[in-house]
Amino acid sequence: LLALGTGARRLHVSSAFSAKVAMSRFEPGSSVNYEKMRENIKIVRKRLNRPLTLSEKIVYGHLDDPVGQEIDRGRTYLRLRPDRVAMQDATAQMAMLQFISSGLPKVAVPSTIHCDHLIEAQIGGAQDLQRAKEVNQEVYNFLATAGAKYGVGFWKPGSGIIHQIILENYAYPGVMLIGTDSHTPNGGGLGAICIGVGGADAVDVMAGIPWELKCPKVIGVRLTGTLSGWTSPKDVILKVAGILTVKGGTGAIVEYHGPGVDSISCTGMATICNMGAEIGATTSVFPYNHRMRTYMHATGRGDIASLSDEFKDDLVPDKGCEYDQVIEINLSELKPHINGPFTPDLAHPVSEIGAIAKKNGWPLEVKVGLIGSCTNSSYEDMGRAASLAKQALDKGLKCKAQFTVTPGSEQIRATIERDGYAKILSDVGGVVLANACGPCIGQWDRKDVKKGEKNTIVTSFNRNFTARNDANPATHAFVTSPEIVTALAIAGTLNFNPETDYLTTPNGEKFKLEPPTGDELPSRDFDPGQDTYQHPPKESSSVKVDVNPASNRLQLLEPFDKWHGKDLEDMRVLIKVKGKCTTDHISAAGPWLKFRGHLDNISNNLLIGAVNIENDAVNKIKNQLTGEYGGVPDVARHYKANGVNWVVIGDENYGEGSSREHAALEPRHLGGRAIIVKSFARIHETNLKKQGLLPLTFADPHDYDKIRPDDKISIMGLKSFGPGKPVTAVIKHSDGSKDSISLNHTFNETQIEWFQAGSALNRMKELQ
C-alpha cells in the first residue's frame, strides 16, 4: 500500500531547505492509495462504459462503494472517503467543538488546524502577529490543546494561510481533501480534488463516516496558446468568472485541460482553482504535468512526484471524455483583466477600466493597492510584483497609493526576504503584513478613509463583496493580478493601462513599465523560516481541553431540539431579503471573528448585513409581536423567547461566498426553522441541512413576490417528507387571504434523518 502525504511538515537541516513527508500517527493506507484509486477507477469505468474526466477519476476513485454506488452527474449523491481534513482557525473552533461533542476519542483521518484568520492588519507583520497572539491567546490555546487531544496537527499563528500551507505540504495529484474554507480548491493547482465544506462535514470525515457530495457535473475549460507579457494566471479565472457569473459553476467541477496548461506554473494553476469558488464551483482541478512535478521536488516531495509519474494515466483525463459544458480560452489572446466593484464576476479588460469607471462614477483614484492573500502570494507572484517595483524605484518613483504585501506562508516570507523582494516592495512604499488572511477577509484596521466615504481599492484577492475588506460599504473594491495591482498602486489611478500608458518621473521624464518577470521557483530553494508546526503527541490521555464556562469567546455546544413530528405551522417571516445575500451578509466576519467559538455571542450578527425588502434598510425589521422595529438578531431572540418559529425569505444564490458554518448555526440557534429562497449556493445549502433547518426553493420563482413581511407561513406534508417530493407552503396574509405554493428541496434519505434528529450531529450520536 502506498501511503502519501499523511503528515507533511518542514524540517530544518543546517541552513538548507528540506521539506519531507513525515509519517504521522496515521499508518500506511490512511491517506490516498494510488493502487486503491486505480482499482476504483477500473470498476467505475467498466460500469459506465465510457472515458472519464480527471475530476471523475479522482472523485470516483474515492467512492466508499464503487461497485454499488449509483452514479449520475448532477443527480445522485456520492458517498466518498476523503484522505484529509484541513481547518482554518475561525471555522476550526466550531468544527472542533462539534467533534468534541460527538464523544469520539481521535480523528480517523489526517487532519490539521491553521491559524490564519484572526490576525488583524494594523501596523505591520511582526507587531500585528504579536498583538493577535495576545488577543486570541484563549482561542489559540483551545485549538492547540484540542488538536493535541484528538490527533490533529496544529499550525501556529504566523505559519501562513491555510491554502498556501496545504499546497506546500499536503496537496498532491489525486488526493481528495476537504477544508472548512471556501477557497480550499486552491489545491487543484497540484492536481488534487480539494473541496470547501462546513465544519459539520469535516466532523463526518474526521469521525470516519462516508462523506456525501452530490455527484458533480464537469465543466471543461480548454486552454490553448501561451501566457505572456502582462497577462497572468489570474486573468484566466477573471475571464471565466465573467463568463460563468457567481453561480454558473454551481454543482460542477471546473476541469482545465488543453495544450495551454503547460504554460502556467503550478502556483498559477492554484490561483485559478482558488478563485473558482467565486463562480460557485464545487472545486477546480488541473491535470498532472511537469510543472507540478517541479513544484513537488522544490517543496521536498520528490518521492510523491515519482509515484505521480508512475500513476500518471490516472491523473489526467481519458481521451474522448465528455464535459457537460466546454469553454475555450486562447491564452495568447487573453488580455489583463480587473473585476468589480462589489462582485467578483463583473469582468473588464484593464485597458477599458478607466473609461468604464468614468462612465459609472466610480472613483478613479486608487487609495490602496493590496497584494498577496491565499489567491496570489506565491514566490512567482511576489517576484513579478517586485520586478515592477524595481523599475519604478530605478526611475525615482514610489507608489502613489498605499501599498500592502501579504505573504502566503512563513516559507514565502522568509524566502522573499532572503532574495531581496521584500526590500524592493517595502522601498516602493509597501508594508509587509503578517502571513495571514488580513484585509482579504475584513481583518483590516483601515484608517485612511471614513466609513461611508466613497473610494477605490485594488487587490489581488478573490472576493470583493460590499464592505468585505474594510467594512465600508462605499469602498469600490476591484480584484486583479498582483502585477496589475502594483502598476495601479504606482500610477495611483484606475485610468492607467500599463501596456500602453506612460508614467512620469520626478524630473519629468516619461517612461513605460516593461512587462513583469519573475522566477517560478527560487533558484536557491525555499527558506523555511521559523518552524511553526505542532505535531499531535502519540499519547494524549493526559491532555486537557479547557473551555472556561465564563468565556465570551468559547462555548460548549448543546444539542439542537429534535423535530416534533408535526407540520411547522404559522411561522413568522423574520426578514424578506432583497437582492444579493452572501454569508458575509448572514454572518459578518471582521470584528465578529473573535466570537466564532461562541454560538450565542456570534448570533448577535445574524443577517445584520441583509437588506430588508420592506424598507430597504439594513438590520431594521418589524417585530410582528410588538409592532416595533429592531435589529434582526433582537427580533429573532424575542420570537424564540415567545415560542414563535420563523423563516427567512431570500433571493437568488442565497448564501454565496464563504463556507461560513455560522451562517447556518445562527438561524437554528435563534429559532429559525426554514430558509425559503429562489436558489442556494452549494455549501450554504448543505450547512443548513446539517443543522436541522429546511433549505427550500420556490418551484415558481415568482412566488417570492407573494410573500409579505407580516405573513404567517406553514410548511405542510412533513410527515411524508421524501427525496424529490415537493412540500407545500400555506401563506396566511394579514388581510385574511391565503396562498398555497409548492417548494422544492434537494434532501436525500440520510439528510431527512438529519432534519428529523434535529441535526447531523444528533443523528451521528443516535447511530453510535
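Helices (H or I, at least four residues) and strands (E, at least two) are DSSP runs, numbered from the N terminus. With that settled, here are some notes for you.

1. Ground rules. This is a predicted model, in which local features need pLDDT of at least 70, side-chain atom pairs count only at pLDDT 80 or more, and totals for chains, interfaces and linings use all residues. Residues are numbered from 1 along each chain as its sequence is written, and side-chain values use heavy atoms, with hydrogens and water left out.

2. Two backbone spots to look at. P341 lies in the loop between strand 14 (337-339) and strand 15 (347-349), and the peptide bond joining G340 to P341 is cis, with omega about 0°. N49 sits in the loop between helix 1 (34-48) and helix 2 (54-60); N49 is not a glycine, yet has a positive phi of about 55°. For context, most residues other than glycine have a negative phi, and most peptide bonds are trans.

3. Domains. The domain assignment, with bounds from an automatic or database source, gives domain 1 (22-215 + 290-320), domain 2 (337-512) and domain 3 (568-767). The centres of domain 1 and domain 2, taken over C-alpha atoms, are 31 Å apart. Their contact (heavy atoms within 4.5 Å) takes 23 residues from domain 1 and 24 residues from domain 2.

4. The interface of domain 1 and domain 2. About 1,800 Å² is buried between these domains, and carbon and sulfur atoms give 55% of that area; buried area here is the accessible area (1.4 Å probe) that two parts lose on being put together, summed over both. Twelve residue pairs, both at pLDDT 80 or more, are in polar contact across the interface. A polar contact is a pair of N or O atoms within 3.5 Å; within protein, one must be able to donate a hydrogen and the other to accept it, and residues adjacent in sequence count only if both atoms are side-chain atoms. On the side of domain 1 that touches domain 2, helix 4 (125-135) and helix 6 (162-169) each supply at least two residues, and helix 6 gives the most, with four residues.

5. Six strands form an open sheet in the order 8-7-4-5-6-23, with mixed pairing (two strands pair if DSSP finds at least two bridges between them). Strand 8 (193-196) and strand 23 (533-534) are at the edges with a single partner strand each, so one side of each has no neighbour in the sheet. Strand 4 (residues 84-88) and strand 7 (residues 176-179) pair in the parallel sense over three bridges, and A86 stands opposite G179 in strand 7.
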